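Hello,

Here is the structure I said I would pass on. Please look it over before reading the notes below.

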Amino acid sequence: MSVVASGSPSATATTRPFTASRSAPGTSTGTATGPSTGTARGAGPGRPTVDWRIRFGALSLIWGFSFLFIKLGTDGFAPLYVSFGRVFFGALVLVAILAVKRQRLPRGARTWGHLAVAALLLNALPFSLFAYAELTISSTLAGICNATTPLWGMVLSLVALSEDRPTRRRFAGLGLGFIGVLTVLGAWQGFDGQDPAGTLLALIASLSYAVGWIYVRRTLSDTGNSHLSMSGAQLLLATAQLAVVAPVFSPLPTSFPVVPVLSIVALGALGTGLAFLFQYGLVAEVGPTTATMTTYFIPVIATAAGVALLDERLTWNTPVGALIVLAGAALTQGGSRAKASRRTAADAVRER
């Protein structure tokens with residue numbers, strides 16, 4: 001099965017959109033099929049009309065711009081309401097598609113209980129932490145922090161997942177990623193110009209994605225429900241959670257400025273709703289390894305958007321550090337992706 005994410009798409013190959021086996025950083029569980037699984041690319045009435053490369057580029061842009069939308073949203077609303085709007089509009093998109101496809105939401109108290117935890121770890125908590133973080137840090141830095149999710153996932157998988165064994169390559173990737181984070185923050189300057197609290201919140205948000213994916217993999221891998229159904233239910237639960245929490249910690253909005261409102265609508269409908277559908281389609285068509293390569297484009301797009309549209313300051317250590325982080329993340333994922341593709345291919349074929 002899987003989990004929805006957005007703006008937080010960093011993920012291991014086994015982690016993104018819902019699948020029968022598990023998920024993504026952005027927040028979904030891993031999935032499904034390699035390009036060699038029979039009909040994945042074959043001609044037929046169900047073949048997508050838009051080339052997968054175009055959809056891949058659109059998905060990278062949507063998730064890359066999510067951090068800009070968060071920044072714009074917090075200009076008009078408290079962080080918790082930015083997160084609430086994000087999951088609310090994302091849920092609207094998925095529920096509407098469920099209705100069109102005449103699919104039901106999951107059944108069973110146990111499934112809903114696990115989905116509530118997944119909604120907290122993969123949606124409500126990290127979305128809110130990123131929104132709070134961007135009150136004091138740039139959208140560029142938030143996007144780079146998001147790219148550390150595979151590094152957190154590697155650390156946690158060594159403890160929580162017996163099938164993910166440590167290797168020299170993965171340990172090297174973890175060390176390289178740590179060096180990259182220090183480079184981004186300018187550690188040799190005493191982190192001058194960076195807000196430690198905001199940066200920490202963004203890193204904890206990325207950690208929450210990693211924890212959530214492992215939880216989903218352990219508890220929601222064989223529910224028998226569709227990816228769309230599970231994702232829609234998860235976002236509905238995240239919406240309910242934030243609807244309760246937001247008014248407790250922040251006063252209700254008294255005005256609705258146009259730009260922040262449109263940013264939140266885009267963040268939810270595109271970055272959390274539509275993006276899931278794109279990602280699921282890509283995984284089914286070209287496999288999780290290729291589909292989750294969006295992880296490595298998101299920080300680049302987030303940086304370009306922040307600098308070009310928000311006039312955020314860019315020093316040499318930011319892009320250099322981001323490249324080091326991404327290289328480290330790639331090393332930590334290298335050995336496990338092929339296994340994930342093979343493990344989930346049979347499930348994907350059965351679903352199709």
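This is a predicted model: local features need pLDDT of at least 70, side-chain atom pairs count only at pLDDT 80 or more; totals for chains, interfaces and linings use all residues.

Helix pair. Two packed helices are described by the angle between their axes and the distance between the axes. For helix α2 (residues 79-101) and helix α8 (residues 227-249), the axes come within 8 Å and cross at roughly 150°. An angle over 145 degrees counts as roughly antiparallel, so α2 is roughly antiparallel to α8. The crossing of α2 past α8 is left-handed. Sorted by class, the residues in the contact of α2 with α8 are 20 nonpolar, six polar and one charged.

Valine 93. This residue belongs to helix α2. Which residues does valine 93 touch, once its neighbours within four places in sequence are left aside? The contacts are Ala269, Gly273 and Leu274. From valine 93 to threonine 272 the separation is 179 residues in sequence, while the C-alpha to C-alpha distance is 8.8 Å.

The largest cavity holds about 40 Å³ of space. Its lining consists of Ile144, Cys145, Thr148, Val181, Val184 and Leu203. Helices α4 (139-146) and α6 (168-185) are the elements that supply two or more residues to the lining of the largest cavity. By class, that lining has five nonpolar residues, one polar and no charged.

Regards

Terms used. Residues are numbered from 1 along each chain as its sequence is written. Side-chain values use heavy atoms; hydrogens and water are left out. Axes are lines fitted to C-alpha atoms, for helices over the stretch in contact, and angles run from 0 to 180 degrees between N-to-C directions. Helices (H or I, at least four residues) and strands (E, at least two) are DSSP runs, numbered from the N terminus. Angles under 35 degrees count as roughly parallel, over 145 as roughly antiparallel, 65 to 115 as roughly perpendicular and the rest as oblique. A crossing is left-handed if the near helix is turned anticlockwise from the far one by less than a right angle, and right-handed if clockwise. Ala, Val, Leu, Ile, Met, Phe, Trp, Tyr, Cys and Pro count as nonpolar, Asp, Glu, Lys and Arg as charged, and the others, Gly among them, as polar. Contact means heavy atoms within 4.5 Å. On a 1 Å grid over the protein atoms alone, a cavity is a set of points where a 1.4 Å probe fits but cannot get out, and a pocket is an open set with protein on both sides within 12 Å along at least five of seven lines; lining residues have an atom within 4 Å of a point. Grid points are joined across faces, edges and corners, and a volume is the space filled by probe spheres set on the points.
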